[in-house]
Amino acid sequence: GMEPPTKKARSDKMSSFLDWVRKSHDFDITRNGLEVLPTEDGQHGVFAGKAENPSGVLLDIPQSLVLDYPKISRTIFAKRLEPLLKEREASAQGWTAVHTFWMFLLDARDNSENEWHPFAGVIPADFDDPLQWPEEAVNAYLAGTNLQAEVHRRRNFLRTVWDGVVKPLTQDFPEEFPPARFSWEKWLWARSAYTSRTFPAAVSTENRAQLSDDCTEIMLPVIDLVNHRHKEPCGVEWTETRVLMRHKGDKLPSGAEVFVNYGDKGNEELLLAYGFCVAGNPFDTAALSLGAKEVDSPARLRKVELLQQAGLSVDTDESGKISVGLFRIRRDGELPKTLRLAAFVLLTGRVPKENLEEESHDDVMDSLDLLHGLLVAKLGGVIDGEEASQSGVQLSELRRQLATLYRTGQRQVFEAACTRLTQQLDEMEGDSEGEEEEDDDQNAEPEEGERVAE
């Protein structure tokens, strides 16, 4: 197999981080027969060392090394920040414990006095999720996708919180909150660090003890150095005192990189939270919302009520437009039942019968036609690679590839859904024509040589 890179190529920050873990948390990764080494993309990964590595527990870190909100809230930094947040009624501006976590990461990254400084130093300095792309690049390379609107929505919210809370803190207390340490760019970095490197809240013993609103997701130093591979039989488990990474597959050969499975995530979620995509991702989904204008007020209220009773999220605006839900279509193109239901209600103003066979043929056809038109429009709206590159907007080669992988998956989902719907519509048209023909056939003589049923 491939020779792992030589040891001395490991970055100084990584070496001092591993030293800190050894001294402060009595954890040494080499005891597990593993090594941290650079990977080809300039990051680091975890590799099986020379030692016999029996399948099973690969990594086993103490709970003291889990970075969770309860630990953060006891630090000098958080004790200074919290009263200021209360004074400024930050929660009224959308501030949550997650944002306090981000502030702590920013302090740890640039402040060598912060005890988690060695850990923050090995979090990558740059991320590739689309919140990090220039706005014009999001519009050029993700045009017509769900992610385009989602990125703007999230970035606008983050900007509101930063403008309303973080920036004033840096202006009023520049000593404690240096503007360079808590800049808008750094704020976006903290969000990417958090979304791409956190694990479920329940992994932390302290979180399990309180499970209050103040629980955030957590960070797992060392374990978070392990890269993702789809379908890898490896996941995270926990006990009162430890967090374990267990591999349920074959024994790892010496020098092989260790991977963990982040779960069944489509490229939209992977790109938004982690900044990477998987080619031909079987978990890809495409999002769709339904909209229809209803000028008649009583009819509109009736439709909204029926949709809400069906458990769907509904919005209306002044113009009388009803918008329903965000529906997810899977890779095989199968449309969610709720999406068909919503289309039917919007067209007819009533809920379809349990058994669609008993329902008015034309109403079912019309609602499927409505969906087909919408899917064709969504498919046509997703920009293709050629249009994107003609926009002349600069974007790094890697980010362009990510955009292409994501868009290709989106188009494939919409294509599969269009194909399925077209087949269903053809079958239904065939059925209705068949019924008409049957009526004519009742009186027809059997063809010469046709066997007449006795």
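Axes here are lines fitted to C-alpha atoms, for helices over the stretch in contact, and angles run from 0 to 180 degrees between N-to-C directions. This is a predicted model, in which local features need pLDDT of at least 70 and side-chain atom pairs count only at pLDDT 80 or more, while totals for chains, interfaces and linings use all residues. Residues are numbered from 1 along each chain as its sequence is written, and side-chain values use heavy atoms, with hydrogens and water left out.

Q: Why are α7 and α8 called oblique to each other?
A: Their axes are 11 Å apart and pack at an angle of about 125°. Under 35 degrees counts as roughly parallel, over 145 as roughly antiparallel, 65 to 115 as roughly perpendicular and the rest as oblique. The pair α7 and α8 is therefore oblique.

Q: Which residues of α7 and α8 meet?
A: With contact meaning heavy atoms within 4.5 Å, Arg-154, Arg-155, Leu-158, Arg-159, Val-161, Trp-162 and Val-166 of α7 meet Trp-184, Trp-187, Leu-188 and Arg-191 of α8. By class, this contact has seven nonpolar, no polar and four charged residues (Ala, Val, Leu, Ile, Met, Phe, Trp, Tyr, Cys and Pro count as nonpolar, Asp, Glu, Lys and Arg as charged, and the others, Gly among them, as polar).

Q: What makes α4 and α8 roughly perpendicular?
A: Helix α4 (residues 97-110) packs on helix α8 (residues 184-197) at about 110°, with the axes 9 Å apart. The pair is therefore roughly perpendicular. Their contact holds eleven nonpolar, one polar and four charged residues.

Q: Why is α4 called oblique to α7?
A: The axes of α4 and helix α7 (residues 146-172) cross at roughly 60° and come within 13 Å. That angle makes α4 oblique to α7. His-99, Trp-102 and Met-103 of α4 make the contact with Phe-157, Leu-158, Val-161, Val-166 and Leu-169 of α7.

Q: How many cavities of 30 Å³ or more are counted?
A: The count is one. A cavity is a set of points, on a 1 Å grid over the protein atoms alone, where a 1.4 Å probe fits but cannot get out; lining residues have an atom within 4 Å of a point. The largest cavity holds about 40 Å³ of space, and its lining is His-228, His-230, Gly-263, Lys-265, Leu-270, Val-278, Asn-281 and Phe-283.

Key. Helix = DSSP H or I, 4+ residues; strand = E, 2+ residues; numbered from the N terminus. 1 Å grid on protein atoms, 1.4 Å probe; cavity = no way out; pocket = protein on both sides within 12 Å on 5 of 7 lines; lining within 4 Å. Points joined across faces, edges and corners; volume = space filled by probe spheres on them.
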